[in-house]
Amino acid sequence: MSERLDTVITFDQACEIFREDILPLVVQTYELDGFRDGPARAEAWCNWTDSLCKDGQISDWQYANWSHPDYL
C-alpha cells in the first residue's frame with residue numbers, strides 16, 4: 001500500500017509527534033498521581049497509529065509492524 005501513498009511518515013517522526021503532542025494529554029488525563037500508566041500510553045499509541053493508517057499517513061505494513069516506543 002505504501003506505493004499508493006504520496007508520502008508516509010517514518011517511525012521516528014511518528015514517535016516524535018506522539019511524544020510532543022499526544023503523550024502530554026495522556027499524562028494530564030491518566031497520570032495525575034505521578035505514576036506512569038502504561039496501558040493508557042499503549043492504547044493512545046495504538047489509537048493514534050490506527051488513525052494515521054486510516055488517514056493514509058502511514059501504510060498498512062507500518063501500522064501492522066511498528067512496535068511501541070520505549071517510553072510507553
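The protein chain contains three helices and zero strands, where helices (H or I, at least four residues) and strands (E, at least two) are DSSP runs numbered from the N terminus. Read from the N terminus on, the order of elements is α-α-α. The model is predicted, so that local features need pLDDT of at least 70 and side-chain atom pairs count only at pLDDT 80 or more, while totals for chains, interfaces and linings use all residues. Residues are numbered from 1 along each chain as its sequence is written, and side-chain values use heavy atoms, with hydrogens and water left out.

The C-alpha trace spans about 45 × 20 × 20 Å along its principal axes. Of the 72 residues in the chain, 33% are buried (under 20% relative accessible area; exposed is over 50% and partly exposed in between, with a 1.4 Å probe and protein chains only). The chain exposes about 4900 Å², of which carbon and sulfur atoms supply 50%; accessible areas come from the Shrake-Rupley method with a 1.4 Å probe, and for residues only the protein chains shown count as cover. Among contacts (heavy atoms within 4.5 Å) with a separation of 6 or more, 64% are between residues 24 or more positions apart.

Cys46 is located in helix α2, which comprises residues 38–54. Cys46 is partly exposed, its relative accessible area being 33%. When residues up to four places away in sequence are not counted, Cys46 touches Tyr63 and His68. The C-alpha atoms of Cys46 and Gln62 are separated by 12 Å, with the two residues 16 apart along the chain.
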